[in-house]
Amino acid sequence: MNKVDIEKARTAIAKAKKIAIVSHYNPDGDAIGSSLALYNFMENEGKEVHVIIPNRFPDFLAWMPGSENIVVEQGHGSLAKKILKEADLLFVVDMNAPHRAGKALEGQIIKSKAYKILIDHHVHPDIDCDVMYSCSKTTSASELVYNFLYKKLKYGKEKLSLAIAQCLYVGIITDTGSLTYSCNYAETYTTVHQLIKKGVDGEEIHRLVYDNYSESRMRLLGLLLSQRMKVMKNKATSYTYLDADDLKRNNYKTGDTEGFVNYGLSMNGIIFTAFFSDRGDRIHVSFRSKGTFDVNLFARKHFNGGGHRNASAADYFGKLEDAIALFEQVLDEYEGTLY
Ligand SMILES: [Mn+2]
């Protein structure tokens, strides 16, 4: 963000009366964390503000300050539409293109006459906003919200409430596996230092987020590791999958498989992994890698998806076995780079 953008953002916030904040489909800790941090900030500024997400967020985030007021488009379509129509300022966070907010919200975001500000950490933003704060060399959208408010726009630290700090902290730890990947930035630890100083209890938040799993998640994880993992040591690659029947029999709920993809990468000798899950209307695929193998490029080239160098995702419209077959087949192209 240059000086002009910073001034534009400052003016837009000062003038705004009704603010909407929107984030991506299958919202994760960073989507909810960055949205709610902005929500709590704007509410303290006396604004009328709403967070809109396309579908349900995972239960382990339901303790977060302001989460009780989140509007879920799925099931509350007309309310979401009204809020978006009336908003004079729209924040788009943790997503780089309107379609990431799902079919129903995509058109409404594009058509919205509100002043638009993007705050995101995915590469190649493909969205038309008045102010674009996009930076991929950072842990999370939540860290960017911190930078946006307290470094770029220079709001005083007295405006960093405990609630805001908790939301930002959740976003940072959930997008980095509790600061184990995508986090080699000195600046991140300075930010975390500020959040802890504000009173964030990192140990308690870790328990709330990670030691709060549903029985269905634990059953699915057991099945995944024991029967749904293929390891190709000679290609430094593994993959895991869950078919529609697996999910149904184990009472899958949104968020249950969050982070499952990482298990395929946590073996020695493996630098690339994918996790396929059959969502009925599509196969959702997540990719992870260690080091320089670029899964953003991989997802773009073969699965019409995208994301970051070490973490990306895509939706495959077809059968699970065809998605897996395509994955195995294209691995041959990476002899010499991957293995
Ligand atoms: Mn994120």
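Reply: Start with a definition. A salt bridge is a side-chain nitrogen of Lys or Arg within 4 Å of a carboxyl oxygen of Asp or Glu. Keep in mind that this is a predicted model.

Me: How many salt bridges does a search of the whole structure find?
Reply: The search finds 16 salt bridges. Take one of them, between Glu 45 and Lys 159. Their closest N and O atoms are 2.9 Å apart.

Me: Where in the chain do Glu 45 and Lys 159 lie?
Reply: The pair links distant parts of the chain, 114 residues apart. Glu 45 is in the loop between H2 and strand E2 (48–53). Lys 159 is in the loop between helix H5 (141–152) and helix H6 (162–174).

Me: How do I put a word to the exposure of Glu 45?
Reply: Use the cut-offs. Buried means under 20% relative accessible area, exposed means over 50%, and partly exposed is in between. Glu 45 has 30%, so Glu 45 is partly exposed. Lys 159 has 29%, so Lys 159 is partly exposed too.

Me: What separates Glu 86 and Lys 82 in helix H3?
Reply: About one helical turn, because Glu 86 and Lys 82 are four residues apart in that helix. Their side chains meet in a salt bridge, 3.6 Å from N to O. Glu 86 is partly exposed at 37% relative accessibility. Lys 82 is partly exposed at 49%.

Me: Which helix holds both Arg 219 and Glu 215?
Reply: Helix H9 (residues 215–227) holds both.

Me: Are Arg 219 and Glu 215 buried or exposed?
Reply: Apply the cut-off for exposed, over 50%. Arg 219 has 51% relative accessibility, so Arg 219 counts as exposed. Glu 215 has a relative accessible area of 56%, so Glu 215 is exposed as well.

Me: Which residues form the positive surface patch?
Reply: Lys 81, Lys 85, Lys 111 and Lys 113 form the patch. A residue needs over 30% relative accessible area and no salt bridge to be in a patch. Lys 81 lies in helix H3 (residues 77–86).

Me: Now the metal. Which residues coordinate the manganese ion?
Reply: Look for the donor atoms around the ion. Here they come from Asp 30 (OD), Asp 94 (OD), His 121 (NE2) and Asp 175 (OD), at 2.1 to 2.3 Å. Along the chain, the donors follow the spacing D-x63-D-x26-H-x53-D. Asp 30 and Asp 94 link distant parts of the chain, 64 residues apart. Asp 30 is in helix H2 (residues 29–44). Asp 94 is in the loop between strand E4 (89–93) and helix H4 (102–111).

Me: Are Asp 30 and Asp 94 buried or exposed?
Reply: Asp 30 has a relative accessible area of 0%, so Asp 30 is buried. Asp 94 has 2% relative accessibility, so Asp 94 counts as buried too.

Me: How do I read phi?
Reply: Most residues other than glycine have a negative phi. Now look for positive values. Phi of Asn 26 is near 50°. Asn 26 lies in the loop between strand E1 (18–22) and H2. Asn 26 is partly exposed, at 23% relative accessible area.

Me: What is the phi of Leu 179?
Reply: About 60°, a positive value although Leu 179 is not a glycine. Leu 179 lies in the loop between H6 and helix H7 (186–197). Leu 179 is partly exposed, with a relative accessible area of 23%.

Me: How do I compare distance in sequence with distance in space?
Reply: Read both values for a pair. Phe 276 and Glu 321 are 45 residues apart in sequence and 9.7 Å apart in space, C-alpha to C-alpha. Phe 276 is in strand E9 (residues 272–278) and counts as buried, at 0% relative accessibility. Ser 214 and Phe 298 are 84 residues apart along the chain, with 32 Å between their C-alpha atoms. Ser 214 is in the loop between helix H8 (202–210) and H9.

Conventions
Residues numbered from 1 in each chain as written. Predicted model: local features only at pLDDT ≥ 70, side-chain atom pairs only at ≥ 80, totals over all residues. Heavy atoms only, no water. Patch = residues over 30% accessible without salt bridge, like charges linked within 9 Å, V, L, I, M, F, W, Y side chains within 5 Å. Areas by Shrake-Rupley, 256 points an atom, 1.4 Å probe, with all protein chains shown as cover. Lys, Arg positive; Asp, Glu negative; His and termini not counted. Charge placed at Lys NZ, Arg CZ, Asp CG, Glu CD. Helix = DSSP H or I, 4+ residues; strand = E, 2+ residues; numbered from the N terminus. Donors = N, O, S within 2.8 Å, 3.2 Å for Na, K, Ca; no water. Buried < 20%, exposed > 50% of the residue type's maximum accessible area, 1.4 Å probe, protein only.
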